[in-house]
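Welcome! Take a look at the chain first, then try each task before reading on.

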Amino acid sequence: MKTVTISLNSIDKVKAFVNEITKYDYDFDLVSGRYVIDAKSIMGIFSLDLSKNIDLNIHAEGDCSDVVAALAPYIV
């Protein structure tokens, strides 16, 4: 598992983020405080406080540098 901190501070960023991660078969969780949300769920993401940075857990076996590179615009 790899964890990165991301920022999703606009509706357009959320839509683009979900479109990007749905291309991968890995499981993704967004962690904000005590809430853990499936990162592929656009409705779940909008239930979080998007004014703050959010931790993204990538549940991947081995190397996931391709995912990290694709998500570079969102990583803080």
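**Exercise 1.** How many bridges join strand β2 to strand β4, and in which direction do they run?

Solution. Start with the ground rules: the model is predicted, so local features need pLDDT of at least 70, side-chain atom pairs count only at pLDDT 80 or more, and totals for chains, interfaces and linings use all residues. Residues are numbered from 1 along each chain as its sequence is written, and side-chain values use heavy atoms, without hydrogens and water.

Next, find β2 at residues 27-32 and β4 at residues 54-59; five bridges join them, and they run antiparallel. Strands here are DSSP runs of E with at least two residues, numbered from the N terminus, and two of them pair if DSSP finds at least two bridges between them. Finally, check partners in β4: Asp-27 is bridged to His-59, and Asp-29 to Asn-57.

**Exercise 2.** Find what connects β2 and β3.

Solution. First, look at the pairing: four bridges join these antiparallel strands, with Ser-32 bridged to Tyr-35 in β3. Then look at the turn: the two strands form a hairpin with two residues between them, and Gly-33 there has a positive phi of about 65°.

**Exercise 3.** Place the strands in order and find the edges of the sheet.

Solution. The order in this open, antiparallel sheet of four strands is β1-β4-β2-β3. β1 (2-6) and β3 (35-38) each have a single partner strand, so one side of each lacks a neighbour in the sheet.
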